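The following questions and answers concern the structure displayed below.

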Amino acid sequence: MKRAKTSQLSFGDLQMHRRKVKSEFFNQINAVIDWRPLRRLVEPAYAKGFSRTGRPCYDSMVLFRMELMRVWYGLSDGEIEEQVNDRLSFSRFAGLGMDDAVPDSTTLCRFRNALVKSDVYDSLLREVNLQLEARHVMVTSGVIVDARVTDSPRRPRGQKEYEVVEDRHEGDVADIANAKLVEKPRHGVDAEARWVKKGGKCHFGYKRHTVVNQDGLVMAEETTAANESDIKHLATPIGKAGLKQGTPVMADKGYDSSENRKVLSGMKLKSRIMHKAQKNHRLTERERAVNKAVSKLRYAVERTFGSMHRWFGAGVARYVGLAKAHAQHIMEAIAYNLYRVPGIIVSNCIN
């Protein structure tokens, strides 16, 4: 009895399925996102016409879509250039024809630096979210705020002259904010990154302060050095999120302060910050009930951070400097929101 030859066909079918899935995903994103408003934000930051060498500049949306794919698939600048050259689905999503030259890694790097210099990343996230809201993909009945450390591989080695602060320190907040490098870092060290001790482990890098809605979609980001206390960075990301009056804002005990509650009240938002017991003040029955209710809903932001780590390799700074770390955080947020679009649309149709 002859054995059926299935292994080769199965491998081929698998490869075709993967190509089909990518093409379908790209088509779904193109159906949801209108790239024209994004172009209007990007083009003023990116030179048009001809480069110094006399070669025509690439279309800004070609480069932006290549940046998106680079984040989605965890690629370097050189790898995304190779993939766009090699894969028809990638080149089509980028907006390139068969005869068009693919931007090289140096062009992508310059494009990214131009956007960083123009400080347009927050506006890009806001525009994408406005489009998702218009299509009822992003519906916000409440938000959660939390922070995570992004480690920088360009850390100082073999030195003892660097101050390390404890994350969620119970002492003077000013001491944490003012902790800094005692001396100038050696060559190759990210001079704008800082040390922080979290969960008994030392981290060197930056901290992302993230606002997500109840579904875990990212609404706003703020980036600081890692040693910055969470309690001082509630107002800025909440302000960026552009929330409607009366929206509940949930956060863990690290954000508990009278100042933060006054800030939310001034913004006409509902404070759902978890209460922290003080030395001479035990939690009331109501405060314990609030803590229990909020803790059940905070999984959304934990899932967002976890998914970014698994899908995009987030949590490690790819570039040097605070502004570039913030650009990375924003691109990860945009990529995450768009990556979840097809699943949310299907879920909405079923429900």
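Q: Which elements each supply at least two residues of the lining of the largest cavity?
A: In this predicted model, the largest cavity is lined by Arg 70, Val 71, Phe 312, Arg 318, Tyr 319, Gln 328, Met 331 and Glu 332. The largest share of this lining, three residues, comes from α13. The elements that each give at least two residues are α3 (60-72) and α13 (322-339).

Q: How do the residues of the lining of the largest cavity divide into nonpolar, polar and charged?
A: The lining includes Val 71 and Phe 312 as well as Arg 70 and Glu 332. Its residues divide into four nonpolar, one polar and three charged.

Q: What volume does the largest cavity have?
A: The structure holds five cavities of 30 Å³ or more. For the largest cavity, the volume is about 70 Å³.

Q: How many residues of α3 are buried?
A: Helix α3 has 13 residues, and the distance from its first C-alpha to its last is 19 Å, close to the 18 Å expected at 1.5 Å a residue. A residue counts as buried when its relative accessible area is under 20%. By this criterion α3 is mostly covered, and the number of its buried residues is 13 of 13.

Q: Which residue has a side-chain oxygen that reaches the backbone nitrogen of Met 61 at the start of α3?
A: The other end of the helix may be described before its start. Gly 74, with a positive phi near 60 degrees, follows α3. At the start of α3, the backbone nitrogen of Met 61 has within 2.8 Å of it a side-chain oxygen of Asp 59.

Q: Which element gives the most to the lining of the second largest pocket?
A: The second largest pocket is lined by 14 residues, and those nearest its centre are Glu 133, Thr 140, Met 219, Ala 241 and Gly 242. Two or more residues of this lining come from α7 (121-134) and from α9 (235-241). The lining divides into six nonpolar, four polar and four charged residues. With four residues, the element that gives the most is α7.

Q: What amount of space lies in the second largest pocket?
A: Among the residues nearest the centre of this pocket are Met 219 and Ala 241. The space in the second largest pocket is about 320 Å³.

Q: Is His 136 buried or exposed?
A: His 136 is found in the loop between α7 and β1 (143-151). Its phi is positive, about 60 degrees, although His 136 is not a glycine. Most residues other than glycine have a negative phi. Because its relative accessible area is 58%, and the cut-off is over 50%, His 136 is classed as exposed.

Q: Where is Lys 268 found?
A: Lys 268 is a residue other than glycine with a positive phi, near 60 degrees. It is found in the loop between α10 (258-266) and β7 (270-273).

Q: Which residue has its backbone nitrogen 3.2 Å from a polar atom of the side chain of Ser 152?
A: Ser 152 is placed in the loop between β1 and β2 (165-166). Its relative accessibility is 1%, so Ser 152 counts as buried. The backbone nitrogen at 3.2 Å from its side-chain polar atom belongs to Arg 154.

Q: How many disulfides does the structure hold?
A: A disulfide is a covalent bond between the sulfur atoms of two cysteines. Cys 109 is partly exposed, with a relative accessible area of 30%, and Cys 202 is partly exposed at 35%. The number of disulfides in the structure is zero.

Conventions. Residues are numbered from 1 along each chain as its sequence is written. This is a predicted model: local features need pLDDT of at least 70, side-chain atom pairs count only at pLDDT 80 or more; totals for chains, interfaces and linings use all residues. Side-chain values use heavy atoms; hydrogens and water are left out. On a 1 Å grid over the protein atoms alone, a cavity is a set of points where a 1.4 Å probe fits but cannot get out, and a pocket is an open set with protein on both sides within 12 Å along at least five of seven lines; lining residues have an atom within 4 Å of a point. Grid points are joined across faces, edges and corners, and a volume is the space filled by probe spheres set on the points. Ala, Val, Leu, Ile, Met, Phe, Trp, Tyr, Cys and Pro count as nonpolar, Asp, Glu, Lys and Arg as charged, and the others, Gly among them, as polar. The expected span of a helix is 1.5 Å times one less than its number of residues. Buried means under 20% relative accessible area, exposed over 50%, partly exposed in between (1.4 Å probe, protein chains only). A polar contact is a pair of N or O atoms within 3.5 Å; within protein, one must be able to donate a hydrogen and the other to accept it, and residues adjacent in sequence count only if both atoms are side-chain atoms. A disulfide is a pair of cysteine sulfur atoms within 2.5 Å.
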